Amino acid sequence: MAKSQKKQPRPKAETPKGFRDYFGADVTERKAMLDRIAEIYHRHGFDPLETSAVETVEALGKFLPDVDRPNAGVFAWQEEAVPGGGSGDWLALRYDLTAPLARVAAQFRNDLPSPYRRYAMGPVWRNEKPGPGRFRQFYQCDADTVGSASVAADAEICAMLADALEAVGINRGDYIVRINNRKVLNGVLEAAQVEGGDKADDVLRTIDKFDKVGRDGVLALLTTGRKDASGAEIEGVGLRPDQAEPVLAFLTSKGASNAETLANLRSAVGDSAIGAEGVDELAQIAAMLDAMGVGGDRAIIDPSVVRGLGYYTGPVFEAELTFEILDEKGRKRQFGSVAGGGRYDGLVERFTGQKVPATGVSIGVDRLLAALRAKGLAGEAQIGPVVVTVMDRDRMPDYQAMVAELRNAGIRAEVYLGNPKNFGNQLKYADKRRAPVAVIQGGDEAERGVVQIKDLVLGARIAAEASLEEWKAQPAQTEVARSELVAEVRRILG
């Protein structure tokens, strides 16, 4: 007797680790937000660009590795070898929207205008260790200008970022765009007699801790070291106190106005030519922002912007939301950064061998949407479609005619397509769909040329608050002529 084949186990109905599904409101609210941002980008002369989700690993270049798993930063695979065509290419899902831009700028350099302004929105994938709020697939929203060395391009990006935040509903006073310059920091390192290499990287990492440990903590870390909160000794960078002084002057140079901040920065960079160039660029950006109507209530020069300085080559900026929210423990804290960017070289250089100046910004889509929800600007219960119920399945053409009239009038509507035998289930379905109205027409109503219109929102409120007599009166359900269907539904919807 032949052995019976082993039954294959059913697949688990679950998303892969580090991924998630997006339902109704998540999708529609994100789209509405991105549409408003896209309108601002379009108004500033930027063109949309959609690149392939898959790039060659060679084109992606140096990708962002997982700290815990070096060289595992992307989802990559090798194509099967094609007969007569050699081995297949190594391909990978894009890990950001900038690397594909580099390839596009090089591939179509003879066709694209220069400078090339583009914006891109879409999912990216990173093969990193997932954690709370950290997913392997997430959305990015970028805008870049490729091919312009003018700091006017940086000023334009900053102004556009401020406009975009206001377009989605963030009020002035609830955000600030902070601007710094890598060249200024290079001048500070020069004034501190710190050359490039590991020591410069150590100084950069120490500067990044200024918000957490303050001036004295940074001074200790730049020189001999300090003890952390647990009492563990943290080794210092090894600078002399006189070397650390320009760095501290840089970190504490924020003044009451851009003019005061710029004056303090000039003092911090000393005789450094590159540092003076960076301060001059910041002064130009500040002047251009003022000319565009972006004052100090929207964008400021701020030396505390240090994240990413190891990557950027000139101006850097980030948008911070300044209003308070409650964290998971009920404590008040500022919402924080939702966008960042800056000027960088080498975007297209890997493909062409020539440096191509570029500047851009990336908005954290999920963080900005979370901010809108925290401010009550998103996250409200979504209204579902009007549901036309089915009392007689043989009259489906009549019900389809009703729903077509509603749709043609611009009203979202659908016919119930489940088993119509139990009318109660149809109303339960309408409730689950968050339908504001149910349309009912049985044989009797059809003969008399009328329809029953049930206001489900009012009905739910009456059921929760009204007396028995009021509930029996059924004020939430009205009978109107069939010809008045659209008008009555429109009245209820307001």
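This is a conversation about how some terms are applied to a predicted model.

Modeller: The model is predicted, so local features need pLDDT of at least 70 and side-chain atom pairs count only at pLDDT 80 or more, while totals for chains, interfaces and linings use all residues. Residues are numbered from 1 along each chain as its sequence is written, and side-chain values use heavy atoms, with hydrogens and water left out.

Biologist: Why is Asp 144 called buried?

Modeller: Buried means under 20% relative accessible area, exposed means over 50%, and partly exposed lies in between, with a 1.4 Å probe and protein chains only. Asp 144 has a relative accessible area of 3%, and therefore it is buried. Asp 144 lies in strand 6, where strands (E, at least two residues) and helices (H or I, at least four) are DSSP runs numbered from the N terminus.

Biologist: What makes the pair of Asp 144 and Arg 118 a polar contact?

Modeller: A polar contact is a pair of N or O atoms within 3.5 Å; within protein, one must be able to donate a hydrogen and the other to accept it, and residues adjacent in sequence count only if both atoms are side-chain atoms. The side chains of Asp 144 and Arg 118 make such a contact at 2.8 Å.

Biologist: Why does Arg 126 count as buried?

Modeller: Arg 126 has 14% relative accessibility, so it counts as buried, and its place is the loop between strand 5 (116-125) and strand 6 (137-146). UniProt, in an unreviewed entry, lists Arg 126 and Asp 144 among the residues for "binding site", although such annotations may be inferred rather than shown by experiment; positions are given in the numbering used here and feature names are shortened.

Biologist: Which residues does Asp 174 touch, not counting residues up to four places away in sequence?

Modeller: Contact means heavy atoms within 4.5 Å, and on that basis Asp 174 touches Glu 320, Leu 321, Thr 322, Phe 323 and Lys 375, with residues up to four places away in sequence not counted.

Biologist: Which residues of helix 8 are buried?

Modeller: In helix 8 (residues 241-251), the buried residues are Gln 243, Ala 244, Pro 246, Val 247, Leu 248, Phe 250 and Leu 251. Their cover includes strand 7 (175-181) and helix 9 (258-269).
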